[in-house]
Amino acid sequence: MQPTTDGAARTLVTLKDAKAPTKHEFEVKLPEGAALTEDGENGFLITKAHGERTEVLGAIDAPWAKDANGKPVATSYHLSGDELTQTIDATADTAFPVVADPKVSLGWSIYLRFSKKEVKDMAKTPMYHFAATATVMACAKIPNAVAAAGCGAALTAQASSLRGQMQDAAKANQCVEWKVSYVGVITNWKRYKC
């Protein structure tokens, strides 16, 4: 495992030639009570249930692989118990070596997930109310008071982009996830099927 600058960790897998194994297993050791759930984008979320509320503790990004020419190589995950297998589908056109990267983030960010209903409600909110509405719906979910305050300031600065994302997601009937740092800055957002 190699730490990354964003607080995550990665394991680089290299296929030196066409004879190299194309399946690589990784044991996933989760915190007590945690589980892996598909994120709708070929990766997994590390979650823990607290009654009706589910806390996202981290994520395993969707797998990727690239050949020696920088071209993407088809790859996928399969989860069986506590073992995650990454399969890399090299073809006759693949230039070796191939590098693949399972990347795991745990505990460095807060992930806020919005249901289809929440997305549709926020998409209809007029621009002048969006930051306040988003602050109540999103930032109030953050347990750390300092991060919640920072989240409100970040939402105000990013309100136009975030509202546009909610509108696009509502049209596509999708859910939305915001990744928030522990100091309250929204560092990433995405739409996903749910």
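In the hairpin of S5 and S6, five residues lie between the strands, and Gly40 takes a positive phi near 85 degrees. This is a predicted model, so to speak of local features we need pLDDT of at least 70, side-chain atom pairs count only at pLDDT 80 or more, and totals for chains, interfaces and linings use all residues. Residues are numbered from 1 along each chain as its sequence is written, and side-chain values use heavy atoms, with hydrogens and water left out.

Two terms first. Strands (E, at least two residues) and helices (H or I, at least four) are DSSP runs, numbered from the N terminus. Two strands pair if DSSP finds at least two bridges between them.

Strand S5, residues 34-38, runs antiparallel to S6, and five bridges join them. Glu38 has Phe44 in S6 as its bridge partner. On to S7, residues 53-60: seven bridges join S6 to this strand, again antiparallel. Here the bridge partner of Phe44 is Ile60. The hairpin of S6 and S7 has two residues between the strands, and Gly51 takes a positive phi near 65 degrees.

Rings of Phe, Tyr and Trp (its six-membered ring) pair if their centres lie within 6.5 Å; planes under 30 degrees apart count as stacked, over 60 as edge-to-face, and the rest as tilted. By this rule there are two aromatic pairs. One of them is Phe44 with Tyr77, a tilted pair at 6.2 Å centre to centre and 40 degrees between the planes. Phe44 lies in S6 and Tyr77 in S9, so the pair ties together parts that are 33 residues apart in sequence. Are these two residues buried or exposed? Both Phe44 and Tyr77 are buried, where buried means under 20% relative accessible area, exposed over 50%, and partly exposed in between (1.4 Å probe, protein chains only).

Strand S9, residues 74-80, pairs with S10, residues 83-89, in the antiparallel sense over seven bridges. Ala74 stands opposite Asp89 in S10. Their hairpin has two residues between the strands, and Gly81 takes a positive phi near 65 degrees. S10 is also joined to S4 by five bridges, running antiparallel, and Glu27 stands opposite Glu83 in S10. Together, three strands form an open antiparallel sheet in the order S4-S10-S9. S4, residues 23-27, and S9 are the edge strands, each pairing on one side only.

Now the nonpolar core. By definition, such a core is a set of buried Ala, Val, Leu, Ile, Met, Phe, Trp, Tyr and Cys residues joined through side-chain atoms within 4.5 Å. The largest one has 20 residues, and Phe114, Met166 and Trp178 touch the most other members. S13 (109-114), H1 (116-124), H2 (127-137), H3 (145-171) and S14 each supply at least two residues of this core. Which of them gives the largest share? H3 does, with eight residues.

Last, the disulfide, defined as a pair of cysteine sulfur atoms within 2.5 Å. The count is one: Cys175 is joined to Cys194, S to S 1.8 Å. The link is right-handed, with 80 degrees about the S-S bond. Cys175 lies in S14 (175-181) and Cys194 in the segment after S15 (186-192), so the pair ties together parts that are 19 residues apart in sequence. Cys175 is buried at a relative accessible area of 5%, while Cys194 is partly exposed at 47%.
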